[in-house]
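Here is a short tour to follow with the model open beside you. Take it one topic at a time, and look for each element as it comes up.

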Amino acid sequence: MAHRSVIPFGPQHPVLPEPLHLDLVIEDDRVIEAIPQIGFVHRGLEKLTEKRDMHQFGYIAERICGICAVGHSYGYASACERMLGIEVPGRVQYIRTILHELSRIHSHLLWLGLLADAFGFEALFYRSWTLREQILKIFESTCGGRVILSINEIGGLKHDIEDSELAGIVQTLDAMRPDYEALVHTFLDDNSCGERLHGVGVISKKDALELSMVGPFGRASGVDYDVRMFGDGAYADLAAFEPIVATDGDCYARCQVRCAEVTQAMDIIKELVGKIPHDGIGGRTKLTPADGARGEVVIEQPRGEAYYYVRGNGTKNLDRFRVRTPTSQNLAGLTHALQGVLLANVPMIILTIDPCISCTER
Amino acid sequence: MQKAIYTTVGIDELLSHVQALKGVGARFVQMHAERNVDDGTYRLVYTFINVRAAQEQIAQDGSYAIENLVVEGIDQYQEIPSISSYYPAVFPFENEAHDLFGLAITDMQIDFKGFFYQVSTAEPMSVITPEVKAAREKAMKVRAAAEAKARKAAAEKAAAAVAAGEGAAGAGDAAGAAVAQSAAATGSDAQHDEAAAKAALKAAEMEAKLAAMDPEKAAKVRAALAAKAARDKQKKEA
């Protein structure tokens with residue numbers, strides 16, 4: 001019988017951008033079991049609702065994560081609006097969705113860059129992040145910030161984005177497409193990439209469903225689930241929406257899904273800019289939730305389904321705020337994907353679930 | 001359009017409901033705990049989405065439901081069965097509820113035994129801070145004052161209506177007088193209520209201010225207020 005040992009992996013490790021710890025039980029160089037541990041940077045943001053009122057908390061919700069910041073403020077504002085019974089104008093929904101989809105593009109390009117870096121393809125990493133930079137410039141020119149945009153508030157938007165600026169976004173995305181297609185061609189067709197990704201960390205559809213996996217991690221295993229398909233808000237006005245699904249369930253399939261989702265997001269933005277209504281941008285509202293009033297929403301963040309829940313107590317502070325981020329839902333899938341793999345492939349598999357520990361450690 | 005359905009279940013019925021949801025193919029979304037500030041009990045909310053049913057519903061009327069199972073009135077050390085045998089993805093949330101709220105969840109598939117989060121304060125989410133308590137009490141007082149004001153307005157309106165009726169029917173209507181007397185009494189009660197509510201509101205505001213102060217300074221202010229109250233009482237008695 002092979003000798004068993006436990007390797008402590010993280011929380012400080014060269015391949016981990018954030019503090020995640022794994023106890024890897026190995027036999028020779030094969031992982032038998034992986035037990036995750038988080039909680040090294042838990043910030044207690046949900047408790048902060050006691051000290052910050054609902055409007056102030058919007059800024060904190062946005063800072064849950066530096067990559068999906070737009071999505072967090074969108075989800076938080078939507079949950080509060082549902083609790084307060086506020087219906088925001090169509091333009092607000094469209095602009096929120098456009099920024100959310102831009103955020104998806106920048107998140108996936110960031111991930112593609114990290115993936116290239118993980119298998120030592122530095123030039124591909126630079127090219128991915130060069131393209132991502134264009135999205136950050138769009139954010140900066142339209143909202144003033146590159147990551148934290150602070151445009152969403154309960155009841156509407158803080159400022160409008162002019163039609164000319166929206167047209168400029170579409171032009172930038174159109175100009176990015178040839179470079180992006182060349183990038184995708186390298187990721188999906190180059191042997192040096194394929195050899196590191198094919199057949200690594202496979203999860204079957206049955207297991208993915210059993211483990212309630214979300215986002216590209218689940219869709220790469222054939223789980224046909226994307227919150228956007230329910231058609232909430234501006235997504236309802238899209239001519240068609242189909243989740244991007246792959247069936248192999250390996251690291252290559254996860255890369256394939258994310259690559260296709262960037263193009264899909266570009267198409268969504270273009271369609272929404274063409275249809276955007278001009279019915280105002282709403283505005284800050286009085287905070288008078290009834291005692292015990294609740295609001296909850298699910299949205300599709302770049303990493304998958306995220307859940308937001310708020311509960312009022314008759315004051316301007318929330319009784320409870322809850323956010324369930326995609327990574328915390330995918331931890332069970334991560335431990336499953338690591339069972340039976342070679343130790344050398346562990347960093348690649350961890351990366352392909354695109355873990356966001358700062359989201360999880362809210 | 002998302003709709004939320006909340007079904008309250010008992011702890012002993014929880015697993016059978018979860019099993020039923022699993023049986024119809026519902027996805028597990030999340031689970032979280034809440035502290036009930038008023039009575040100190042806990043509430044657990046388990047959230048699910050049945051994707052197939054949601055798609056069928058959307059095709060019919062454009063809406064779909066997020067289904068929640070709510071377990072109310074949980075005492076802190078009451079045992080709660082884990083649902084991880086049905087939905088393994090629940091393990092981070094159950095461990096979180098244990099570490100942050102101190103809830104006793106049994107038979108977790110992956111049990112960190114209190115070491116999932118590295119917290120400096122034990123069960124931090126179970127602590128009700130003085131600020132929260134004061135804000136909560138203030139809100140209750142404000143609500144009571146608003147209700148008293150509404151009662152007073154209703155009583156005045158009733159009295160005015162009765163007076164108008166008396167004018168029309170003559171002063172000798174005994175029944176009308178009785179109603180007017182009753183309404184006036186109600187009005188007097190309402191005035192008393194309002195004064196009491198105002199005093200209570202003032203006290204709650206002071207309590208909230210003290211809660212936000214440095215504890216040492218708050219203690220000095222409290223002592224000064226108590227001394228002033230004693231002096232006032234002596235003056236009244238003299």
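In chain A, 3 strands make up an open sheet, ordered β1-β2-β3, and their pairing is antiparallel. The edge places belong to β1 (4-9) and β3 (30-37) of chain A; each has a single partner strand, so one side of each is left without a neighbour in the sheet. From one strand to the next, the twist averages 20°. Please keep in mind that this is a predicted model.

**Inside the sheet**

- Strand β2 (residues 21-27) of chain A runs antiparallel to β3(A), and 7 bridges join the two.
- The loop between β2 and β3 of chain A holds A:D28.
- Is A:D28 buried or exposed? A:D28 counts as exposed, because it has 11 C-beta neighbours inside 10 Å, and the cut-off for exposed is 12 or fewer.
- The backbone of A:D28 also deserves a look: its phi is near 55°, a positive value in a residue other than glycine.

**Two helix pairs in chain A**

- Helix α1 (residues 54-62) and helix α2 (residues 69-84) of chain A have axes that come within 8 Å and cross at roughly 150°.
- Angles over 145 degrees count as roughly antiparallel, and α1(A) and α2(A) are therefore roughly antiparallel to each other.
- The crossing of α1(A) and α2(A) is right-handed.
- On the α1(A) side the contact uses A:M54, A:G58, A:A61 and A:E62, which meet A:A69, A:H72, A:S73, A:Y76, A:A77 and A:C80 in α2(A).
- Sorted by class, the contact of α1(A) with α2(A) has 6 nonpolar residues, 3 polar and 1 charged.
- Now turn to helix α3 (residues 90-118) of chain A, whose axis comes within 9 Å of that of α9(A), with a crossing of roughly 155°.
- α3(A) and α9(A) are therefore roughly antiparallel to each other as well.
- Here α3(A) passes α9(A) in a left-handed crossing.
- Residues making this contact include A:Y94, A:I98, A:L102 and A:W111 of α3(A), along with A:V262, A:M266, A:I269 and A:L272 of α9(A).
- Which classes of residue make up the contact of α3(A) with α9(A)? The contact has 16 nonpolar, 2 polar and 4 charged residues.

**A loop residue: A:M229**

- Look for A:M229 in the loop between α8 (215-219) and α9 (251-275) of chain A.
- A:M229 counts as partly exposed because it has 18 C-beta neighbours inside 10 Å.
- Leaving aside residues up to four places away in sequence, A:M229 touches A:F241 and A:P243.
- A:A344 is 115 residues from A:M229 along the chain, and their C-alpha atoms are separated by 37 Å.

**Where chain A meets chain B**

- How many residues does each chain bring to the contact? Chain A gives 31 residues and chain B gives 32 residues.
- On the side of chain A that touches chain B, at least two residues each come from β6 (294-301), β7 (304-312), β8 (318-324) and α10 (326-337).
- That side of chain A divides into 11 nonpolar, 11 polar and 9 charged residues.

**A stop in chain B**

- B:D107 sits in the loop between β6 (104-106) and α4 (130-169) of chain B.
- Although B:D107 is not a glycine, it has a positive phi of about 60°.
- B:D107 is partly exposed, because 13 other C-beta atoms lie within 10 Å.

Definitions and conventions
Residues numbered from 1 in each chain as written. Chains lettered and ligands numbered in written order. Predicted model: local features only at pLDDT ≥ 70, side-chain atom pairs only at ≥ 80, totals over all residues. Helix = DSSP H or I, 4+ residues; strand = E, 2+ residues; numbered from the N terminus. Buried ≥ 20, exposed ≤ 12 C-beta atoms within 10 Å, placed from the backbone. Contact = placed C-beta atoms within 7 Å. Pairing = 2+ DSSP bridges. Axes fitted to C-alpha atoms, helices over the stretch in contact; angles between N-to-C directions. Nonpolar A, V, L, I, M, F, W, Y, C, P; charged D, E, K, R; others polar. Parallel < 35°, antiparallel > 145°, perpendicular 65-115°, else oblique. Left-handed = near helix turned anticlockwise from the far one by under 90°.
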